[in-house]
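Subject: Handing over the structure

Hello,

Here is the structure I promised to pass on.

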2 protein chains.
Amino acid sequence: MPDMITVPSDLLHRQITEVFASWGMSPEHAATAATVMVETDLSGVDSHGIGMLPTYQKLFAEGRLEPKAVPAVVRDHGPAVLIDANKGIGHVASHQAMRAAMDKAKQHGIGVAGVTGSNHYGAAGWYARMAAEEGLVAISLTNVVNPFLVPVRGTERALGTNPIAFAAPTTDPERPVLLDMATTTVAYGKVNIARRADKPLPAGWAINGEGGAETDSHKAFESRRLAPLGGTRELGAHKGYGLALMVEILCATLTGARISDLATGHFFLVLDPSAFRDRADFEADMAELLGRMRGNAPVDPAAPVLIPGDPEHESVTRRRQEGIPVVSTLVEEVRTVCAASGASFLLAG
Amino acid sequence: MPDMITVPSDLLHRQITEVFASWGMSPEHAATAATVMVETDLSGVDSHGIGMLPTYQKLFAEGRLEPKAVPAVVRDHGPAVLIDANKGIGHVASHQAMRAAMDKAKQHGIGVAGVTGSNHYGAAGWYARMAAEEGLVAISLTNVVNPFLVPVRGTERALGTNPIAFAAPTTDPERPVLLDMATTTVAYGKVNIARRADKPLPAGWAINGEGGAETDSHKAFESRRLAPLGGTRELGAHKGYGLALMVEILCATLTGARISDLATGHFFLVLDPSAFRDRADFEADMAELLGRMRGNAPVDPAAPVLIPGDPEHESVTRRRQEGIPVVSTLVEEVRTVCAASGASFLLAG
């Protein structure tokens with residue numbers, strides 16, 4: 001395809017760290033954030049990897065993202081910890097918070113870490129996966145300060161796409177169960193893809209000004225009103241709304257991340273299966289459960305039933321070999337970011 | 001309406017305890033289970049209160065529900081506990097487990113309790129509400145050993161309706177945020193209601209033998225194949241499937257409740273907001289969040305945006321005054337249960 005280039009993951013990592021370093025971020029923090037972003041691109045979640053760099057640049061320019069921030073532990077009591085990101089990029093505080101929750105889970109059987117005063121942390125699933133790779137079960141949640149979700153019966157955007165990620169280990173540490181989902185029917189990026197293709201939206205993706213279904217992708221892109229998972233009341237949209245509100249309470253109300261301060265909050269929960277039963281029994285039952293799902297008679301024999309995380313795993317395998325596709329418009333946006341930051345531009349074809 | 005009677009909640013409680021006592025259940029256990037069931041009926045969740053008594057009678061008759069079982073603490077380590085229900089009714093072990101998780105949260109900031117070897121525990125939300133009434137944030141999950149949910153791409157029932165309940169305290173202890181949702185688009189009871197009314201189902205509720213939408217309520221009632229929340233792949237059914245699998249892992253795989261043993265598992269998580277921030281700040285931010293939701297411009301001014309738990313709260317207020325409606329067919333089923341159990345029948349008109 002002529003409208004994209006393919007970039008090896010290590011070059012993408014260098015490009016991102018180069019930009020963050022130009023803002024004054026420490027080498028360690030820049031490397032951490034770049035690793036989260038590049039591994040997200042490897043897993044095929046293009047919306048949350050380098051595609052976010054122009055947004056982060058905008059937040060930096062507006063003074064909302066403080067690259068030199070050092071996350072501070074505000075409370076640390078037994079299995080629970082609260083970290084203030086101090087307006088830093090979300091990835092750095094979240095990596096530290098998930099590490100703390102994992103250590104606490106190994107000690108206490110369960111660990112929880114809240115993060116307040118943060119920014120966008122990339123893909124929710126990355127942090128859950130981090131725990132699963134060490135044999136732990138984990139939940140990763142974040143609220144989103146930009147409102148998209150219109151509650152059932154309402155007409156105005158009230159909550160972010162507030163994602164839920166869950167990961168659980170299997171006998172293959174490279175291949176955990178990994179669920180990572182917005183609590184809206186679709187993420188905003190999907191509306192944009194439909195708009196670019198000039199296609200209508202299915203009813204249940206977006207909401208019009210009267211609270212009904214918006215099927216015009218151009219209008220939906222403009223209004224940014226997304227339906228909660230379920231799409232309509234009849235198909236359970238009150239559940240998607242309820243889940244988004246749950247994420248908001250756990251990430252923001254519990255941690256003190258106030259939307260009025262433009263502060264994002266995150267929530268990490270980790271469980272050590274060994275605290276509940278012998279690991280071998282856990283692993284055997286997990287294998288049985290997943291085997292039962294994969295063995296479900298499929299509609300199409302060529303498209304078997306998947307486990308959450310399968311598509312991401314396949315993408316990682318492919319993109320590690322073939323490189324990461326970056327569309328030309330994004331390449332140009334990164335060039336602009338580099339120029340504005342005084343950073344070297346490394347993605348030239 | 002001639003096809004129902006209205007029963008005061010204390011009479012319903014006496015009827016249920018009478019039946020449980022006739023099976024040999026201790027007065028304390030019978031009272032606990034009856035309280036959970038009656039309060040569920042008060043909250044309007046008719047499918048999970050006394051409506052379950054005939055099913056429990058069947059499980060008792062088949063030897064799957066052991067009324068004299070005493071829950072045993074299998075593991076107890078710091079903030080984490082695992083309880084074996086020993087085949088008892090789920091309500092008794094779950095009440096004990098949630099109590100333990102609450103006490104641990106008050107001590108450690110977070111508490112978790114798994115239950116294995118259990119049976120149906122009634123409404124997931126009841127246990128979450130129990131914690132919210134003491135100012136705690138809670139999650140209550142259960143797997144369901146009867147399969148209903150057909151995974152995306154599949155054609156066979158693979159998981160239960162695996163509900164997620166979440167509760168958070170507000171300044172009014174009588175009125176917590178309370179989400180209680182199946183991870184299927186609808187619970188099976190809604191299919192039955194459509195069948196009785198001879199109405200078609202919306203696409204997205206049930207699945208036919210080829211994995212497509214089943215809109216014939218009679219066929220859907222027969223086949224018991226329900227769609228995951230989202231309804232179709234296009235509207236996010238992979239998310240409902242993923243959430244149901246998450247509930248299965250936390251309730252069954254983590255606790256050792258094997259479906260092959262017909263054992264149900266539950267999972268209770270409790271957080272004390274005071275471990276993260278000052279309670280007054282938490283309460284103020286919660287009030288601001290809920291006020292923002294309620295203030296969302298509604299489609300219909302007569303139907304404002306709700307907070308999860310509002311319908312249940314209104315039902316409790318109404319039914320405490322007016323009594324609990326019990327349809328005549330259920331009254332007759334309870335009469336049959338009493339006759340089979342040698343218990344007094346107290347619901348005579």
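This is a predicted model: local features need pLDDT of at least 70, side-chain atom pairs count only at pLDDT 80 or more; totals for chains, interfaces and linings use all residues.

Ala80(A) stands opposite Val112(A), a residue of β4(A).

How enclosed is β4(A)? Nine of its nine residues are buried, so the strand is largely enclosed by the rest of the structure.

Val115(A) is part of β4, which covers residues 110-118 of chain A. Its relative accessible area is 0%, which is under the 20% cut-off, and therefore Val115(A) counts as buried. Leaving aside residues up to four places away in sequence, Val115(A) touches a set of residues from several parts of the chain numbering: Leu82(A), Ile83(A), Ala85(A), Ala93(A), Ala97(A), Cys251(A), Thr255(A), Thr264(A), Gly265(A), His266(A) and Phe268(A).

Next, a pair of helices in chain A. Two packed helices are described by the angle between their axes and the distance between the axes. For helix α3 (residues 53-61) and helix α11 (residues 328-341) of chain A, the axes come within 9 Å and cross at roughly 30°. Angles under 35 degrees count as roughly parallel, and so α3(A) and α11(A) are roughly parallel to each other. The crossing of α3(A) past α11(A) is left-handed. Which residues make the contact? From α3(A) come Leu53(A), Pro54(A) and Gln57(A), and they meet Leu330(A), Glu333(A), Val334(A), Val337(A), Ala340(A) and Ser341(A) of α11(A). Sorted by class, this contact has six nonpolar residues, two polar ones and one charged one.

Now over to chain B. Here you will find an open sheet of seven strands with mixed pairing, in the order β2-β3-β4-β10-β5-β6-β7. At its edges are β2 (72-77) and β7 (177-181) of chain B, each of which pairs on one side only. From one strand to the next, the twist averages 10°.

Within that sheet, strand β5 (residues 137-142) and strand β10 (residues 264-271) of chain B run antiparallel and are joined by six bridges. An example to look up is Thr142(B), whose bridge partner in β10(B) is His266(B). Helix α5 (residues 124-132) of chain B lies across β5, β6 (164-168), β7 and β10 of that chain, and runs at about 20° to β6(B).

Last, a backbone detail in each chain. Most residues other than glycine have a negative phi. Arg224(A), however, is not a glycine and has a positive phi of about 60°. This arginine, Arg224(A), lies in the loop between α7 (217-223) and α8 (237-253) of chain A, and it is partly exposed, with a relative accessible area of 30%. In chain B, Arg224(B) likewise has a positive phi of about 60° without being a glycine. Arg224(B) sits in the loop between α7 (217-223) and α8 (237-253) of chain B, and is partly exposed at a relative accessible area of 32%.

Methods
Residues are numbered from 1 along each chain as its sequence is written. Chains are lettered from A and ligands numbered from 1 in the order in which they are written. Side-chain values use heavy atoms; hydrogens and water are left out. Helices (H or I, at least four residues) and strands (E, at least two) are DSSP runs, numbered from the N terminus. Buried means under 20% relative accessible area, exposed over 50%, partly exposed in between (1.4 Å probe, protein chains only). Contact means heavy atoms within 4.5 Å. Axes are lines fitted to C-alpha atoms, for helices over the stretch in contact, and angles run from 0 to 180 degrees between N-to-C directions. Angles under 35 degrees count as roughly parallel, over 145 as roughly antiparallel, 65 to 115 as roughly perpendicular and the rest as oblique. A crossing is left-handed if the near helix is turned anticlockwise from the far one by less than a right angle, and right-handed if clockwise. Ala, Val, Leu, Ile, Met, Phe, Trp, Tyr, Cys and Pro count as nonpolar, Asp, Glu, Lys and Arg as charged, and the others, Gly among them, as polar. Two strands pair if DSSP finds at least two bridges between them.
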